[in-house]
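Let's go through this protein together, one question at a time. Have a look at the sequence and the fold, then read on.

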Amino acid sequence: MIVAIQRGRTTIISTGNTVIELHDHLLVIGKADRMHEHMHWFGVTSRPIRKVFIIGGGLWAVGEFNRSPYVTNAWVAREQPVQFSHEHHVAGLGLDCRYCHTAVEDSSSAGMPSTKTCMTCHSQIWTNAELLEPVRESWRTNQPIRWNRVHDLPDFAQFNHGVHVQKGVGCVSCHGAVNEMPLMWQTASLQMEWCLSCHREPEKHLRPRDQVFELTKIPADVQAVQGKELVKKYHVNSEAITRCSTCHY
Ligand code: HEC
Ligand code: HEC
Ligand code: HEC
Ligand code: HEC
Ligand code: HEC
């Protein structure tokens, strides 16, 4: 069974457990389950898939491939116009998510920081750093920095940050340990089945509202007790949020 995918200028050929990637100047051969490490290593960006060719094999292979990181973009670090690091700014400097994603508690969209937010510090520190030239250029020219989206649901699926934050769903449940990311990547598939797995059993994931921005994992024994309590306390209705019309309307 051979499956080939062309994504931007990259061609990925999979033959079962072995994956061959042809980049502009690079040939990568590896085992399927280890590939995200290679991709991270070489700083390969992932772009929307333009074409999927099925050279041989059955639907099973297509199904498996659809859940693989190549298709969902999970675990692939995204290149950005500025090498902004959550690892440095969140873990290193201790900045709260809301410092930059100001709308996340009460809007559907989390919001992205303006150049002014960056310049609060970077007009004072690292003022000559080459890495920050795109930020200074944006400030001089009054043109916003165009960040490449990492997470992007199709338009027919509704999502709302505010609701999740208010009901005690932590950033870490959906975005992983961003404090360990030098460049951002997706840690969840964002496929329907992934959303539903939590909507069916929210008690496995809820945390007290005042811990929503903490990126630590909660021990299983603590979660087993607090999860059920929080479902009641925050009036989470698991039945309602598994209906199709919750996310599609
Ligand atoms: C100093 C500002 C700053 C802070 C603090 C910050 N971020 Fe970000 N965040 C950014 C910038 C800039 C981007 C766009 C570049 C990128 O994707 O890495 C971004 C992107 C993201 C994205 C990806 C957005 C997309 O395109 O899908 C997520 C998720 C995210 N941040 C989560 C968090 C979380 C969770 C926290 C708190 C633990 C946090 N951020 C703290 C500035 C910040
Ligand atoms: C609260 C102050 C503060 C804010 C706000 C801030 N930075 Fe930084 N930034 C720093 C400091 C301090 C460093 C040096 C970090 C280090 O070396 O650990 C840094 C380093 C950097 C670097 C160099 C690479 C790295 O991560 O070490 C880049 C690029 C950068 N910042 C981009 C941004 C962008 C883009 C924004 C706005 C979205 C931003 N910063 C907001 C304080 C800040
Ligand atoms: C229940 C899962 C979930 C939780 C919890 C969550 N996010 Fe997201 N986040 C998403 C999804 C899904 C997207 C893509 C949304 C889209 O494409 O419309 C996203 C997108 C983003 C973006 C890109 C801008 C935007 O709004 O589309 C940022 C920034 C972000 N999240 C930050 C955060 C922060 C900070 C937290 C914690 C307060 C958080 N997220 C909690 C699922 C989640
Ligand atoms: C980790 C758990 C978790 C994940 C993952 C998750 N959700 Fe939710 N979602 C919740 C909880 C909890 C609620 C609040 C339920 C309530 O209010 O009864 C909710 C509510 C919602 C609502 C209802 C909003 C409203 O206006 O009341 C929508 C829409 C939604 N989620 C969409 C999504 C989508 C789309 C995804 C996947 C991209 C997703 N969720 C992933 C836990 C989660
Ligand atoms: C918790 C939110 C949520 C609920 C509830 C939900 N969906 Fe979805 N659905 C999604 C998301 C998110 C996607 C996009 C997945 C992707 O991009 O891969 C999606 C995609 C789809 C698609 C496109 C094909 C596919 O599988 O990607 C169809 C059809 C669909 N949903 C039908 C339904 C039906 C029918 C129901 C009720 C039985 C339902 N959905 C309930 C979130 C949801």
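Q: Is the crossing of H6 and H7 left-handed or right-handed?
A: This is a predicted model, in which local features need pLDDT of at least 70, side-chain atom pairs count only at pLDDT 80 or more, and totals for chains, interfaces and linings use all residues. Residues are numbered from 1 along each chain as its sequence is written, while chains are lettered from A and ligands numbered from 1 in the order in which they are written. A crossing is left-handed if the near helix is turned anticlockwise from the far one by less than a right angle, and right-handed if clockwise. For H6 and H7, the crossing is left-handed.

Q: At what angle do helix H6 and helix H7 pack?
A: Helices (H or I, at least four residues) are DSSP runs, numbered from the N terminus; H6 covers residues 115-122 and H7 residues 133-141. Axes are lines fitted to C-alpha atoms over the stretch in contact, and angles run from 0 to 180 degrees between N-to-C directions. The two axes lie 10 Å apart, at an angle of about 115 degrees.

Q: Which residues of H7 make the contact with H6?
A: Two residues are in contact if their C-beta atoms, placed from the backbone, lie within 7 Å. H6 brings Thr115, Cys118, Met119 and His122. Their partners on H7 are Val135, Ser138 and Trp139.

Q: Which helix gives the most to the shell around ligand 4?
A: The shell has 23 residues, and the closest are Ser173, Cys195, Cys198, His205 and Asn237. Helices giving two or more residues are H8 (161-166), H9 (171-175), H10 (192-200) and H12 (244-247). With three residues, the top contributor is H10.

Q: Which helix gives the most to the shell around ligand 3?
A: Among the 20 residues around ligand 3, Cys97, Ala110, His151, Cys171 and Cys174 come nearest. Both H8 and H9 supply at least two residues of this shell. The largest share, four residues, comes from H9.

Technical notes
Near = placed C-beta within 6 Å.
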